[in-house]
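Thanks for coming. I will walk through one structure this morning, contact by contact, and then turn to its core and its backbone.

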Amino acid sequence: MDKYGLIGFPLGHSFSINYFNQKFADEGINAKYMNFEIPAIEALAEVLDQNPELKGLNVTIPYKQKVMEYLDQISPEARAIGAVNVIRVTHEGNDIKLKGFNSDVIGFTQSIEPMLESYHKKALVLGTGGASKAISYGLQSLGLETVYVSRYQRPDTICYEDITPEVIKEYNVIVNCTPVGMFPKTEECPKLPYESMDEKNILYDLIYNPDETLFMKKGAERGASVKNGLEMLLLQAFASWEFWNGKEK
């Protein structure tokens with residue numbers, strides 16, 4: 001039986017294990033998807049050693065960047081993004097070869113593109129982790145200019161307190177790549193001047209639990225278009241399966 005799995009820490013919120021095991025059952029695929037909750041990226045070698053049937057892995061927080069140094073090959077797109085969330089595992093004799101890809105960017109761009117209008121030219125990307133890098137890359141590939149937003153002073157980013165009503169008008173696409181507002185802390189949201197938003201704003205949240213985060217709710221109250229991360233997750237899962245099976249994009 002082939003195995004696939006997810007590495008990250010913690011993994012309590014994992015979408016992939018239910019999605020893929022249901023897919024395997026529905027389509028009669030002789031495979032199993034497992035969660036590998038590893039407290040350090042160094043434990044990847046042990047996961048590979050103990051699971052010789054592994055054909056592919058997904059990678060989630062906090063290893064999307066750290067895992068790159070353990071790979072034999074990285075797709076040009078994943079290298080440009082600086083983050084990997086899909087690994088294809090192939091066996092050549094006694095050797096294991098790992099190739100990294102990024103399906104986040106595929107899922108996200110396919111999900112947000114239908115929402116974009118000609119006046120959406122600039123975007124705020126909330127967060128600076130591996131997911132935010134894929135989101136920024138994806139937005140730029142769709143022709144938008146992007147700026148990262150952080151709680152801390154960092155190079156090439158702005159802080160939340162720098163976001164004025166004028167910034168909201170200019171950067172009218174806002175993507176939340178942070179866990180702020182995720183279940184169970186559903187009463188939280190990124191600190192933004194929501195009162196200055198209108199129907200020209202898009203608020204896209206990578207969170208999918210709850211269905212409507214406070215970030216989305218506050219934007220919708222001002223007429224903004226909002227979307228959660230569930231469709232992106234489904235689309236990136238489709239892309240993961242294609243990468244594992246050698247159908248590179």
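The side chain of Lys64 makes a polar contact with the side chain of Asp104, at 2.6 Å. Keep in mind that this is a predicted model. Lys64 sits in the loop between β3 and β4. Is Lys64 buried or exposed? Its relative accessibility is 11%, so Lys64 counts as buried. Asp104 is buried as well.

The contact between Asp104 and Lys64 is also a salt bridge, 2.6 Å from N to O. Asp104 belongs to helix α4, residues 104-112, while Lys64 is in the loop between β3 (54-59) and β4 (73-74), so the pair ties together parts that are 40 residues apart in sequence. Side chains of opposite charge can pair when their charged atoms come close.

How many salt bridges does the model have? The count comes to eight. I will show two others from that set.

One of them joins Asp198 and Lys169, with 3.2 Å from N to O. This pair also links distant parts of the chain: Asp198 is in the loop between β10 (173-176) and β11 (202-205), and Lys169 is in helix α6, residues 165-170, 29 residues apart. Lys169 has a relative accessibility of 48% and counts as partly exposed.

The other is between Lys217 and Glu221, at 3.5 Å from N to O. Here both partners lie in helix α7, residues 214-221, four residues apart, which is about one turn of the helix. Lys217 is partly exposed, with a relative accessible area of 39%. Glu221, at 57% relative accessibility, counts as exposed.

Next, helix α8. It runs over residues 230-244, and at 1.5 Å a residue its 15 residues should span 21 Å; the end C-alpha atoms are 21 Å apart, which agrees. Which residues of α8 are buried? They are Met232, Leu233, Leu235, Gln236, Ala237, Ala239, Ser240, Trp241, Phe243 and Trp244.

Some of these names come back in the core. The largest nonpolar core has 22 residues, and those with the most contacts inside it are Tyr4, Phe20, Phe24, Tyr33, Trp241, Phe243 and Trp244. At least two residues of this core come from each of β1 (2-8), α1 (16-27), β2 (31-37), α4 and α8. The largest share, six residues, is from α8. In soluble globular proteins, nonpolar side chains tend to be buried together.

The helix has a surface side too. Leu230, Leu234 and Phe238 make a nonpolar surface patch of about 240 Å². Leu230 lies in helix α8, and at a relative accessible area of 35% Leu230 is partly exposed.

Arg88 is in strand β5, residues 86-92, and its side chain reaches the backbone oxygen of Phe243 at 2.7 Å. Is Arg88 buried or exposed? Arg88 is buried, with a relative accessible area of 13%. After α8 comes Gly246, whose phi is positive, near 85°.

That brings me to the backbone. Most residues other than glycine have a negative phi, and most peptide bonds are trans. Another cis peptide bond joins Asn209 and Pro210, where omega is about 10°. Pro210 is placed in the loop between β11 and α7.

Asp156 is a residue other than glycine with a positive phi, near 60°. Asp156 lies in the loop between β8 (145-150) and β9 (157-159). With 73% relative accessibility, Asp156 counts as exposed.

One last item is a distance. Asn94, in the loop between β5 and β6 (95-101), is exposed, with a relative accessible area of 82%.

Notes:
Residues are numbered from 1 along each chain as its sequence is written. This is a predicted model: local features need pLDDT of at least 70, side-chain atom pairs count only at pLDDT 80 or more; totals for chains, interfaces and linings use all residues. Side-chain values use heavy atoms; hydrogens and water are left out. The expected span of a helix is 1.5 Å times one less than its number of residues. Buried means under 20% relative accessible area, exposed over 50%, partly exposed in between (1.4 Å probe, protein chains only). A polar contact is a pair of N or O atoms within 3.5 Å; within protein, one must be able to donate a hydrogen and the other to accept it, and residues adjacent in sequence count only if both atoms are side-chain atoms. A salt bridge is a side-chain nitrogen of Lys or Arg within 4 Å of a carboxyl oxygen of Asp or Glu. Patches are made of residues with over 30% relative accessible area and no salt bridge: like charges are joined within 9 Å, nonpolar side chains (Val, Leu, Ile, Met, Phe, Trp, Tyr) within 5 Å. Accessible areas come from the Shrake-Rupley method with a 1.4 Å probe; for residues, only the protein chains shown count as cover. A nonpolar core is a set of buried Ala, Val, Leu, Ile, Met, Phe, Trp, Tyr and Cys residues joined through side-chain atoms within 4.5 Å.
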